[in-house]
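Me: I have a structure open and want to go through it piece by piece. Can you take my questions as they come?

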Amino acid sequence: MSGIYIHIPFCKQACHYCDFHFSTNMKKREEMVFAIKKEIELRKDEFKKETLETIYFGGGTPSILSNSDLKLIIDSVYQNYNVVHNPEITVEANPDDLTEERILGLKQIGVNRLSIGIQSFFEDDLQLMNRAHNAKEAEKCLQIATQYFDNISLDLIYGIPDSTNEKWKANIEKALSFGVPHISSYALTLEPKTALHKFVQKGIVNPPDDEVAEEQFYILVATLKENGFIHYELSNFGKPDYFSKNNSAYWLGKKYIGIGPSAHSYDGTNRSWNIANNTLYIKTLEQGVLPIETEVLTLKDRYNEYIMTGLRTIWGVSFERISKEFGEVYLEYLKKQSQKFIDDNLLVLEDNILKTTQKGKFLSDGIASDLFLVNLK
Ligand code: SF4
């Protein structure tokens with residue numbers, strides 16, 4: 001089983017913290033839809049033996065496309081790939097795009113999961129981040145969306161400069177009041193070349209505080225646990241049966257095909273990525289050529305990737321898999337490297353599965369990089 005990710009590289013306006021690939025120039029929207037369809041067609045043989053279980057529209061802002069454009073792309077996926085009956089079809093959407101008519105239309109074209117970029121229910125946070133929606137729209141879209149969709153995820157950002165824990169708790173409570181079964185939540189990070197980075201450098205905005213971010217992370221973990229959510233990945237919390245199938249497949253190392261500018265793909269051996277430039281992406285596909293670069297992952301790359309994704313999830317890192325897939329030398333290395341984290345109660349070994357403890361969760365990326373294999377070929 002595998003999945004398809006489709007990157008829609010447009011946004012109404014640039015959020016101040018964002019370093020994803022997108023353009024605010026919508027002139028090439030129609031050409032982009034055709035280029036995406038073309039890429040789907042040209043790559044149909046790559047996943048000939050696979051069956052797609054999930055179709056995921058990410059971005060950028062997929063909800064910027066009309067429902068008929070999204071349908072054209074979904075139809076093209078069905079025409080060119082094997083797709084299971086009733087796949088998970090997710091569309092990332094921003095609140096300002098989600099009118100009742102839009103939401104109904106999305107349901108009619110087969111979308112069965114919405115991932116809504118709320119980020120905060122507070123007006124000042126939304127303005128600081130330069131989100132395209134306001135607090136009223138954030139609430140209104142959820143009131144409507146929950147009437148038509150049961151599988152809804154919403155995104156929240158913590159560690160916003162000058163935010164208090166009380167405000168953060170109010171954000172979580174508000175999110176819970178809509179009864180959504182999935183929440184993704186990320187710490188605000190200062191990415192180079194973003195507007196937020198410049199504001200901080202110029203002293204216009206205070207930098208995000210790591211200690212506050214850590215406190216808010218643990219407030220989130222505790223509150224969502226009390227409310228029946230399972231913390232199944234560092235940034236993802238779901239009620240049973242509502243984990244993101246698409247993202248879980250990625251974390252479990254399954255194959256996926258990425259379509260659209262900047263999208264990445266993985267076929268079990270190779271990783272490839274599309275050009276992150278809308279004009280060149282369209283032009284190259286118009287000539288019938290794929291705008292793609294590929295690298296063969298070494299055993300070491302795949303080991304490091306497994307450590308990174310495994311430690312972020314409740315599935316952890318299986319010693320049995322390490323031994324089978326990578327060999328005894330890798331297993332011995334991992335055992336030796338992980339011991340100090342086990343002694344510090346940051347990692348735990350349960351049934352031969354290495355996992356982060358509650359204390360180690362927030363540090364999982366840093367711990368993983370200490371377990372990476374750098375020199376062995
Ligand atoms: S809507 Fe999403 S992709 Fe677009 S600028 Fe904002 S954070 Fe980035």
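This is a predicted model: local features need pLDDT of at least 70, side-chain atom pairs count only at pLDDT 80 or more; totals for chains, interfaces and linings use all residues.

Me: OK. What stands opposite Leu347, then?

Reply: Thr356, which belongs to strand 15.

Me: How many bridges join strand 14 to strand 15?

Reply: 4 bridges, with strand 15 covering residues 353-356. Besides the Leu347 and Thr356 pair, Glu350 stands opposite Ile353.

Me: How many bridges are there between strand 13 and strand 15?

Reply: 2 bridges, again in the antiparallel sense. Val317 faces Leu354 of strand 15 there.

Me: Which residues of strand 15 are on the covered face, and which on the uncovered one?

Reply: Leu354 and Thr356 are on the covered face, while Ile353 and Lys355 are on the uncovered one. Side chains in a regular strand alternate between the two faces of the sheet.

Me: What about the turn in the hairpin of strand 14 and strand 15?

Reply: There are 2 residues between the strands, and Asp351 takes a positive phi near 50°.

Me: Where else is there a positive phi on a residue that is not a glycine?

Reply: Asp241 has one of about 75°, and Ser262 also has one of about 75°. For context, most residues other than glycine have a negative phi.

Me: Where do Asp241 and Ser262 sit?

Reply: Asp241 is in the loop between strand 8 (236-238) and helix 9 (245-251). Ser262 is in the loop between strand 9 (256-259) and strand 10 (264-266).

Me: Is Asp241 buried or exposed?

Reply: Exposed, because its relative accessibility is 76% and the cut-off for exposed is over 50%.

Me: Switching to peptide bonds. Which one is cis?

Reply: The bond from Gly59 to Gly60 is cis, with omega near 25°. Gly60 is in the loop between strand 2 (51-59) and helix 2 (67-80).

Me: What surrounds the ligand?

Reply: Gly60 is part of that shell.

Me: Now electrostatics. How many salt bridges are there?

Reply: The count comes to 17.

Me: Start with Glu39. What does Glu39 form a salt bridge with?

Reply: Arg43, with the closest N and O atoms 2.7 Å apart. Glu39 is in helix 1 (residues 29-42).

Me: Are Glu39 and Arg43 buried or exposed?

Reply: Both are buried. Glu39 has 0% relative accessibility, so it counts as buried.

Me: What is Glu39 in contact with, beyond its neighbours within four places in sequence?

Reply: Gly258, Ile259, Gly260, Asn274, Tyr281, Leu285 and Leu290.

Me: And Arg271, which salt bridges does that form?

Reply: One is with Glu295, at 3.2 Å from N to O. That pair links distant parts of the chain: Glu295 is in strand 12 (residues 292-296) and Arg271 in strand 11 (residues 270-274), 24 residues apart. Another is with Glu305, where the closest N and O atoms are 2.7 Å apart. Glu305 is in helix 11 (residues 299-312) and Arg271 in strand 11, so this pair ties together parts 34 residues apart in sequence.

Me: Last one. Which residues do salt bridges that share partners join into one network?

Reply: Lys12, Asp96 and Asp97.

Key: Residues are numbered from 1 along each chain as its sequence is written. Side-chain values use heavy atoms; hydrogens and water are left out. A residue is near a molecule or strand if one of its heavy atoms lies within 4 Å of it. Two strands pair if DSSP finds at least two bridges between them. Buried means under 20% relative accessible area, exposed over 50%, partly exposed in between (1.4 Å probe, protein chains only). A salt bridge is a side-chain nitrogen of Lys or Arg within 4 Å of a carboxyl oxygen of Asp or Glu. Contact means heavy atoms within 4.5 Å.
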